[in-house]
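Hi,

Here is the structure I promised to pass on.

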Amino acid sequence: MNISSRQLAGNRVRWGRDGNKSQVRATNMSVPIFKYHPDPIGTGSVEASDTECVCCGQKRGHIYSGSVFSVEELAERICPWCIADGSAHKKFDAEFTDAAGVGGYSRPPVVPNSVIEEVVFRTPGFSGWQQEHWLACCGDAAAFLGRAGRAELERQWPDAILSIQQECGMVNSPDWKSYLMALEKDGSPTAYVFRCLHCGKHLGYSDCD
Ligand SMILES: [Zn+2]
Ligand SMILES: [Zn+2]
(Lines give C-alpha, C1' and ligand atoms only; values in the text may rest on other atoms or scores of the structure.)
(Ligands and ions follow the chains in the order given, each with its own letter.)
Protein backbone atom coordinates (compact mmCIF):
# COMPACT_ATOMS: atom_id res chain seq x y z
CA MET A 1 0.00 0.00 0.00
CA ASN A 2 1.26 3.41 -0.87
CA ILE A 3 -0.39 6.33 0.90
CA SER A 4 0.15 9.67 -0.78
CA SER A 5 -0.46 13.11 0.61
CA ARG A 6 -0.98 16.45 -1.04
CA GLN A 7 -0.88 19.76 0.81
CA LEU A 8 -3.95 21.92 0.24
CA ALA A 9 -4.84 25.49 1.09
CA GLY A 10 -4.86 26.03 4.86
CA ASN A 11 -3.44 23.14 6.81
CA ARG A 12 -5.57 20.33 5.40
CA VAL A 13 -3.90 17.55 3.49
CA ARG A 14 -5.44 15.12 1.02
CA TRP A 15 -4.56 11.63 2.27
CA GLY A 16 -5.08 8.54 0.17
CA ARG A 17 -3.87 6.45 -2.67
CA ASP A 18 -3.89 7.76 -6.20
CA GLY A 19 -5.77 5.82 -8.82
CA ASN A 20 -6.66 2.19 -8.50
CA LYS A 21 -5.71 -0.74 -6.38
CA SER A 22 -6.77 -4.31 -6.13
CA GLN A 23 -10.13 -4.73 -4.49
CA VAL A 24 -11.01 -6.97 -1.58
CA ARG A 25 -14.57 -8.13 -2.14
CA ALA A 26 -16.57 -7.98 1.05
CA THR A 27 -19.45 -10.31 1.72
CA ASN A 28 -20.99 -8.41 4.61
CA MET A 29 -23.34 -5.93 2.95
CA SER A 30 -24.54 -4.22 6.12
CA VAL A 31 -22.56 -1.02 5.57
CA PRO A 32 -24.63 2.16 5.87
CA ILE A 33 -26.73 3.41 2.97
CA PHE A 34 -25.28 6.48 1.28
CA LYS A 35 -27.62 8.46 -0.98
CA TYR A 36 -24.76 9.80 -3.11
CA HIS A 37 -22.57 6.69 -3.07
CA PRO A 38 -24.96 3.72 -3.24
CA ASP A 39 -22.38 0.91 -3.54
CA PRO A 40 -19.15 1.98 -1.82
CA ILE A 41 -17.97 -1.64 -1.61
CA GLY A 42 -18.50 -2.12 -5.33
CA THR A 43 -16.61 1.07 -6.15
CA GLY A 44 -13.71 0.03 -3.89
CA SER A 45 -14.09 3.00 -1.51
CA VAL A 46 -15.05 0.73 1.39
CA GLU A 47 -13.10 -2.47 1.90
CA ALA A 48 -13.44 -5.51 4.11
CA SER A 49 -10.86 -4.99 6.83
CA ASP A 50 -10.17 -5.84 10.47
CA THR A 51 -8.58 -2.42 11.02
CA GLU A 52 -9.76 -0.58 14.13
CA CYS A 53 -11.51 2.70 13.34
CA VAL A 54 -9.71 5.67 14.95
CA CYS A 55 -13.04 7.44 15.43
CA CYS A 56 -15.24 4.84 17.20
CA GLY A 57 -12.40 2.54 18.30
CA GLN A 58 -14.20 -0.51 16.92
CA LYS A 59 -13.26 -3.16 14.39
CA ARG A 60 -16.48 -3.27 12.41
CA GLY A 61 -15.29 -5.33 9.46
CA HIS A 62 -15.07 -2.51 6.92
CA ILE A 63 -12.83 0.50 6.49
CA TYR A 64 -13.00 3.52 4.20
CA SER A 65 -10.18 3.55 1.65
CA GLY A 66 -10.89 6.62 -0.50
CA SER A 67 -9.36 10.08 -0.09
CA VAL A 68 -9.51 11.92 3.25
CA PHE A 69 -8.98 15.67 3.60
CA SER A 70 -7.76 16.30 7.12
CA VAL A 71 -4.85 17.60 9.17
CA GLU A 72 -4.22 14.20 10.76
CA GLU A 73 -3.31 11.23 8.56
CA LEU A 74 -6.54 9.23 8.44
CA ALA A 75 -6.19 7.18 5.25
CA GLU A 76 -7.71 3.73 5.76
CA ARG A 77 -8.40 4.39 9.45
CA ILE A 78 -12.10 5.38 9.46
CA CYS A 79 -15.10 3.08 9.25
CA PRO A 80 -18.07 3.86 7.00
CA TRP A 81 -20.42 4.12 10.02
CA CYS A 82 -18.41 7.05 11.39
CA ILE A 83 -18.65 8.72 7.98
CA ALA A 84 -22.42 8.12 7.75
CA ASP A 85 -23.30 9.60 11.14
CA GLY A 86 -20.97 12.58 10.74
CA SER A 87 -18.82 11.63 13.75
CA ALA A 88 -15.56 11.35 11.75
CA HIS A 89 -16.17 14.79 10.31
CA LYS A 90 -16.94 16.24 13.75
CA LYS A 91 -14.08 14.56 15.59
CA PHE A 92 -11.30 15.19 13.08
CA ASP A 93 -12.72 17.99 10.92
CA ALA A 94 -12.28 15.45 8.14
CA GLU A 95 -13.78 15.77 4.69
CA PHE A 96 -14.02 12.94 2.17
CA THR A 97 -14.31 14.94 -1.04
CA ASP A 98 -13.00 18.40 -1.81
CA ALA A 99 -15.99 20.75 -1.33
CA ALA A 100 -14.98 22.77 -4.41
CA GLY A 101 -15.13 19.56 -6.45
CA VAL A 102 -18.86 19.02 -5.80
CA GLY A 103 -20.46 20.11 -9.05
CA GLY A 104 -17.15 19.77 -10.87
CA TYR A 105 -15.51 23.01 -9.68
CA SER A 106 -18.16 25.21 -11.29
CA ARG A 107 -18.56 28.69 -9.83
CA PRO A 108 -20.95 29.54 -8.33
CA PRO A 109 -21.68 26.06 -6.93
CA VAL A 110 -24.57 24.39 -8.73
CA VAL A 111 -25.96 22.60 -5.67
CA PRO A 112 -27.16 23.90 -2.28
CA ASN A 113 -24.78 24.01 0.67
CA SER A 114 -26.70 21.27 2.48
CA VAL A 115 -25.95 18.91 -0.42
CA ILE A 116 -22.26 19.87 -0.50
CA GLU A 117 -22.11 19.15 3.24
CA GLU A 118 -23.75 15.74 2.87
CA VAL A 119 -21.28 14.74 0.12
CA VAL A 120 -18.20 16.21 1.77
CA PHE A 121 -18.87 15.43 5.47
CA ARG A 122 -21.02 12.27 5.45
CA THR A 123 -20.40 10.37 2.19
CA PRO A 124 -17.44 8.13 1.30
CA GLY A 125 -15.37 9.71 -1.44
CA PHE A 126 -13.20 7.83 -3.88
CA SER A 127 -9.62 7.94 -5.13
CA GLY A 128 -9.02 9.36 -8.56
CA TRP A 129 -5.70 9.89 -10.26
CA GLN A 130 -6.19 13.64 -9.80
CA GLN A 131 -8.30 15.57 -7.31
CA GLU A 132 -11.80 14.13 -7.52
CA HIS A 133 -14.82 15.84 -9.07
CA TRP A 134 -18.29 15.02 -7.76
CA LEU A 135 -20.68 15.66 -10.64
CA ALA A 136 -24.09 17.27 -10.25
CA CYS A 137 -27.30 17.35 -12.31
CA CYS A 138 -30.78 18.81 -11.85
CA GLY A 139 -29.56 21.03 -8.99
CA ASP A 140 -28.37 18.11 -6.86
CA ALA A 141 -25.22 16.07 -6.47
CA ALA A 142 -25.30 12.88 -8.54
CA ALA A 143 -24.68 9.38 -7.18
CA PHE A 144 -21.18 8.02 -7.78
CA LEU A 145 -21.36 4.61 -9.48
CA GLY A 146 -17.70 3.84 -9.95
CA ARG A 147 -14.79 3.76 -12.36
CA ALA A 148 -15.15 2.68 -15.95
CA GLY A 149 -13.13 1.97 -19.04
CA ARG A 150 -14.39 1.82 -22.60
CA ALA A 151 -15.80 -1.69 -22.14
CA GLU A 152 -17.81 -0.78 -19.02
CA LEU A 153 -19.06 2.45 -20.59
CA GLU A 154 -20.27 0.76 -23.75
CA ARG A 155 -21.86 -2.10 -21.85
CA GLN A 156 -23.38 -0.41 -18.80
CA TRP A 157 -23.42 3.36 -19.25
CA PRO A 158 -23.35 4.30 -22.96
CA ASP A 159 -25.22 7.52 -22.20
CA ALA A 160 -22.29 8.72 -20.06
CA ILE A 161 -19.88 8.68 -23.01
CA LEU A 162 -20.96 12.02 -24.49
CA SER A 163 -20.64 13.81 -21.13
CA ILE A 164 -17.11 12.40 -20.69
CA GLN A 165 -16.23 13.60 -24.20
CA GLN A 166 -17.66 17.06 -23.44
CA GLU A 167 -15.98 17.27 -20.04
CA CYS A 168 -12.53 16.73 -21.52
CA GLY A 169 -13.15 19.15 -24.36
CA MET A 170 -12.83 16.56 -27.11
CA VAL A 171 -16.24 16.91 -28.83
CA ASN A 172 -14.71 17.79 -32.19
CA SER A 173 -11.32 16.25 -31.58
CA PRO A 174 -9.88 13.71 -34.01
CA ASP A 175 -8.15 12.16 -30.95
CA TRP A 176 -11.41 11.29 -29.17
CA LYS A 177 -11.73 7.75 -30.61
CA SER A 178 -8.25 6.76 -29.48
CA TYR A 179 -8.79 8.40 -26.06
CA LEU A 180 -12.04 6.46 -25.61
CA MET A 181 -10.28 3.25 -26.64
CA ALA A 182 -7.56 3.92 -24.05
CA LEU A 183 -9.96 4.35 -21.09
CA GLU A 184 -9.53 1.52 -18.59
CA LYS A 185 -11.41 0.75 -15.39
CA ASP A 186 -8.24 -0.25 -13.58
CA GLY A 187 -5.74 1.86 -15.46
CA SER A 188 -5.07 5.31 -16.81
CA PRO A 189 -6.84 7.18 -18.26
CA THR A 190 -9.98 6.12 -16.45
CA ALA A 191 -13.55 7.43 -16.32
CA TYR A 192 -15.73 8.09 -13.26
CA VAL A 193 -19.46 7.53 -13.72
CA PHE A 194 -22.39 9.15 -11.87
CA ARG A 195 -26.17 8.88 -12.12
CA CYS A 196 -28.54 11.80 -11.63
CA LEU A 197 -30.95 11.01 -8.79
CA HIS A 198 -33.68 13.03 -10.55
CA CYS A 199 -33.57 12.58 -14.34
CA GLY A 200 -31.64 9.29 -14.21
CA LYS A 201 -29.05 10.46 -16.75
CA HIS A 202 -25.53 9.03 -16.49
CA LEU A 203 -22.68 11.53 -16.39
CA GLY A 204 -18.96 11.14 -16.24
CA TYR A 205 -15.51 12.63 -16.38
CA SER A 206 -12.06 11.17 -16.86
CA ASP A 207 -8.51 11.73 -15.69
CA CYS A 208 -5.13 10.10 -15.93
CA ASP A 209 -1.95 9.39 -14.06
ZN1 LIG B 1 -15.85 4.11 13.28
ZN1 LIG C 1 -30.50 15.26 -13.98
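Predicted model: local features only at pLDDT ≥ 70, side-chain atom pairs only at ≥ 80, totals over all residues.

**Backbone notes**

C138 sits in the loop that joins β6 (136-137) to β7 (140-141). Helices here are DSSP runs of H or I with at least four residues, strands are runs of E with at least two, and both are numbered from the N terminus. C138 is not a glycine, yet its phi is positive, at about 55°. It counts as partly exposed, because there are 13 C-beta neighbours inside 10 Å (buried means 20 or more other C-beta atoms within 10 Å of a residue's own, exposed means 12 or fewer, partly exposed is in between, and C-beta atoms are placed from the backbone).

E76 is another non-glycine residue with a positive phi, this one near 60°. You'll find E76 in the loop between β5 (68-70) and α1 (80-84). With 18 other C-beta atoms within 10 Å, E76 is partly exposed.

There's a cis peptide bond too: it runs from S188 to P189, with omega near 0°. P189 belongs to the loop between α6 (176-182) and β9 (190-195).

Residues are numbered from 1 along each chain as its sequence is written, while chains are lettered from A and ligands numbered from 1 in the order in which they are written. The average pLDDT (the predictor's confidence in each residue, from 0 to 100) is 90 for the protein, and 90% of the residues score at least 70. Residues 22-29 fall below 50.

Cheers

Definitions and conventions: Contact = placed C-beta atoms within 7 Å.
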